[in-house]
Amino acid sequence: MIRHCYGLPLAIVSLGVSLRSKQNLDSWKNVLEEMKRVGLRRQITRVQESLSLSYYDLPYELRSCFRYLGSLPNGYEIEVEKLFQLWMAESMIPTGQHEEGETMTEVAERYLKELKERCMVQVQVDESTGRVKSCRLHQHFRELCLSMEIKSGFLRVIDLQSGRLDNSSSWDTSFSTKVRRLSVHLGDLEDLDNYVPPRHRVALQLRKVLFFLQNYFPRSRISRIVESHLSDFKLVRILDLGGLIFSKLDKAIGELIYLRYLGLRYTVFHELPSTIGNMLQLQTLDLWDDNTQYAGIFVPNVLWKLERLKHLYLRSPLRSDEQKMQLHRLSQLEILENFHPEAFEMEDLVKLTNLRKFGAKISMKSDLEKIITYLQSADSYRLEHFTLSIKNCDLYSKEGLNLLTKVFECPRLHEFSLNGRTGILPEYNKNFSACLAKLTLESCELRADPMPTLEKLPNLRSLYLKWNAFVGNEIVCSQRGFPQLRILMFWRIRKLTNWSVKKGAMGKLSSLDIGSCPDLNMLPKGLKFVTTLQQLVIRYMPQVFTNRLRELKDGNDGEDIYKVAHVLSIKIIDYGGKEEVGTYSHSFCILSIRPLIYESVYVFVSVHR
């Protein structure tokens with residue numbers, strides 16, 4: 001069997017995973033025979049031959065889910081939540097595969113977990129929350145997926161980023177009669193000149209079209225091309241226009257009555273047409289955009305008509321008619337993000353009986369009281385994940401402290417952001433949420449050290465203190481405090497002078513970021529005991545502070561180097577934006593200067609039936 005892997009480590013690992021579930025000799029012999037049969041197929045390379053066994057060993061229902069990733073650009077990472085919703089929109093999650101009480105999202109999570117365990121998919125974990133954030137295909141597995149899809153004749157890839165045009169970039173007869181799925185990868189402006197749009201007759205046949213654009217691509221130009229063909233895609237199920245720019249979103253979009261997924265994340269437009277209420281098959285509506293510099297978009301009061309909607313991502317801010325928008329008929333809704341009480345009827349929350357994931361942004365104390373009442377009621381019994389952002393809400397009072405205590409006691413609270421003056425944090429008690437993983441405190445002006453409360457949160461993984469969240473002089477992290485903390489940031493805590501870390505504190509910390517804390521004297525000595533620390537970033541700190549981390553002119557080490565000699569990566573960014581990257585070994589300092597690197601970001605347009 002190893003001989004058929006041709007020395008490829010990925011193939012050997014995949015073979016081992018496949019054999020793990022085979023409990024007898026006959027099963028192993030069957031695997032060997034399958035490898036020999038695959039080897040007789042001349043259409044694939046030796047690498048693909050060695051990896052194809054993993055594909056054919058997959059349960060049938062996982063194969064289409066796996067192949068779906070092949071149409072993405074090489075190295076492209078897709079958010080798993082979005083991937084699950086695309087799988088659902090493509091009917092790749094069969095209803096017969098559900099276990100009792102299991103949602104389609106949980107089935108999709110199980111599928112991805114199995115692909116990961118078989119080493120066929122690489123996943124990226126968000127260290128701040130501990131949850132799987134995105135996934136990607138290994139290059140060799142992507143080539144395998146592409147070869148299978150292209151051989152079937154239903155998929156064509158026009159990869160103008162790498163200069164690869166699979167079969168044809170034009171719409172000749174032989175190309176257009178069979179193809180139902182098209183994936184176009186655009187890299188720069190010249191690529192767009194080489195792209196030939198589909199003819200009207202061909203566009204009517206296409207069931208899936210994906211455009212992948214790099215972040216610097218001229219989005220308004222591709223937007224005009226997409227808009228000109230919008231009325232041709234009568235049978236589409238998936239339409240993702242994320243990041244594009246429209247002068248006006250055509251009301252013809254409401255004629256796409258078979259649409260199941262509509263992505264308008266970070267799409268620039270001013271008004272959502274009322275015809276959106278005609279999309280009765282819609283499962284996912286993504287309007288997310290947290291850029292508050294825009295005036296927001298106008299959304300008509302028609303969302304309540306989308307009775308099959310399962311995933312709703314709202315935008316901040318939203319504008320509507322004088323009356324508040326209603327959601328009372330969305331009983332199948334499982335995800336509701338960026339909810340604003342000032343734009344919606346709060347009473348409708350109790351009618352969302354299948355809600356599993358809920359994110360709200362609050363700016364008024366009365367709305368916060370209603371949210372807490374809802375979370376404490378039996379109507380939220382299915383809720384599994386709650387994210388709360390409070391901004392510009394006056395909690396600087398005894399009443400405000402009581403409300404803040406109730407927020408921390410919400411049992412399903414996973415992420416919490418508090419921006420505004422509170423003066424004090426509640427004392428920790430056993431009723432505080434054990435799920436809280438990510439906490440951001442900003443402009444809170446806490447007078448007392450917040451660490452005695454925060455370090456007792458059992459599953460806190462990331463803590464961000466920003467913009468005078470603390471206005472005292474000293475912070476102490478005590479022994480055995482912050483047992484799960486991975487990420488810690490201090491940003492513009494201007495009065496902080498002394499920071500003490502006791503031995504045994506922050507035993508799993510991996511990333512520390514300190515910026516614009518002008519009065520902080522030095523790094524705490526206790527950091528030398530935090531052996532898990534891998535990255536230290538120092539931003540815009542006084543020279544007297546950064547010099548303690550540099551090699552001195554006389555050849556000696558700075559005074560603080562011994563505290564962080566075990567850290568793999570140390571970055572010092574000065575006020576001019578210059579970045580120093582250092583690696584310390586045996587108290588010897590090596591410093592080099594390199595510019596910041598900006599990775600390409602893709603957005604894509606996808607159309608499918």
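Here are some questions and answers about this predicted model.

Q: What is the mean pLDDT of the chain?
A: This is a predicted model, and pLDDT gives the predictor's confidence in each residue, from 0 to 100. In this chain, 79% of the residues reach 70 or more. The mean pLDDT of the chain is 83.

Q: How many contacts beyond near neighbours in sequence does the model have for residues 165-174?
A: Let's start with residues 39-44, where pLDDT stays under 50 and the model has 8 contacts beyond four places in sequence. Over residues 165-174 the pLDDT is below 50 too. For residues 165-174, the number of such contacts beyond near neighbours is 22.

Q: How many helices and how many strands does the chain have?
A: The chain has 609 residues, and 52% of them count as buried. Its helices and strands are numbered from the N terminus. The totals are 15 helices and 28 strands.

Q: What share of the contacts with a separation of 6 or more comes from residues 24 or more positions apart?
A: Here we take the contacts in the chain whose partners have a separation of 6 or more. Within that set, we pick out residues 24 or more positions apart. Their share is 60%.

Q: What percentage of the accessible surface belongs to carbon and sulfur atoms?
A: The accessible surface of the chain comes to about 27800 Å². The part that belongs to carbon and sulfur atoms is 49%.

Q: Why do Phe66 and Phe141 count as an edge-to-face pair?
A: There are 13 aromatic pairs in the model. Phe66 and Phe141 have ring centres 5.8 Å apart, which is within the 6.5 Å limit for a pair. Their planes are at 85°, and over 60 degrees counts as edge-to-face, so the pair is edge-to-face.

Q: How many residues apart are Phe66 and Phe141?
A: Phe66 is in helix 4 (residues 60-68), while Phe141 is in helix 7 (residues 139-152). Both Phe66 and Phe141 are buried. The pair links distant parts of the chain, with a separation of 75 residues.

Q: Which ring does Arg421 lie over?
A: Arg265 lies over the face of Tyr313, at 5.3 Å from the ring centre. Arg421 also has a place over a ring face, at 3.6 Å from the ring centre. The ring under Arg421 belongs to Tyr396.

Q: How many disulfides are there?
A: A disulfide is a covalent bond between the sulfur atoms of two cysteines. Cys393 is buried at 3% relative accessibility, and Cys477 is buried at 1%. The count of disulfides is 0.

Q: What covers the buried residues of helix 13?
A: Helix 13 (residues 398-408) has buried residues that include Leu403, Leu404 and Phe408. The cover over the buried residues includes helix 12, strand 16 (385-391) and strand 17 (413-419).

Q: Is Asp513 buried or exposed?
A: Asp513 lies in strand 23 (residues 511-515). Leaving aside neighbours within four places in sequence, its contacts are Leu488, Met489, Phe490, Val537 and Arg539. The relative accessible area of Asp513 is 9%, and under 20% means buried, so Asp513 is buried.

Q: What is the C-alpha to C-alpha distance between Val236 and Ile257?
A: Val236 lies in the loop between helix 11 (219-229) and strand 8 (238-240), and counts as buried at 2% relative accessibility. Val236 and Ile257 are 21 residues apart in sequence. In space, their C-alpha atoms are apart by 8.3 Å.

Q: What is the phi of Ser443?
A: Most residues other than glycine have a negative phi. Ser443 is in the loop between strand 18 (438-442) and helix 14 (451-454), and is partly exposed at 26% relative accessibility. Ser443 is not a glycine, yet its phi is positive, at about 55°.

Methods
Residues numbered from 1 in each chain as written. Predicted model: local features only at pLDDT ≥ 70, side-chain atom pairs only at ≥ 80, totals over all residues. Heavy atoms only, no water. Phe/Tyr/Trp six-rings, centres within 6.5 Å; stacked < 30°, edge-to-face > 60°. Helix = DSSP H or I, 4+ residues; strand = E, 2+ residues; numbered from the N terminus. Buried < 20%, exposed > 50% of the residue type's maximum accessible area, 1.4 Å probe, protein only. Lys NZ or Arg CZ within 6 Å of the ring centre and 35° of its normal. Contact = heavy atoms within 4.5 Å. Disulfide = S-S within 2.5 Å. Areas by Shrake-Rupley, 256 points an atom, 1.4 Å probe, with all protein chains shown as cover.
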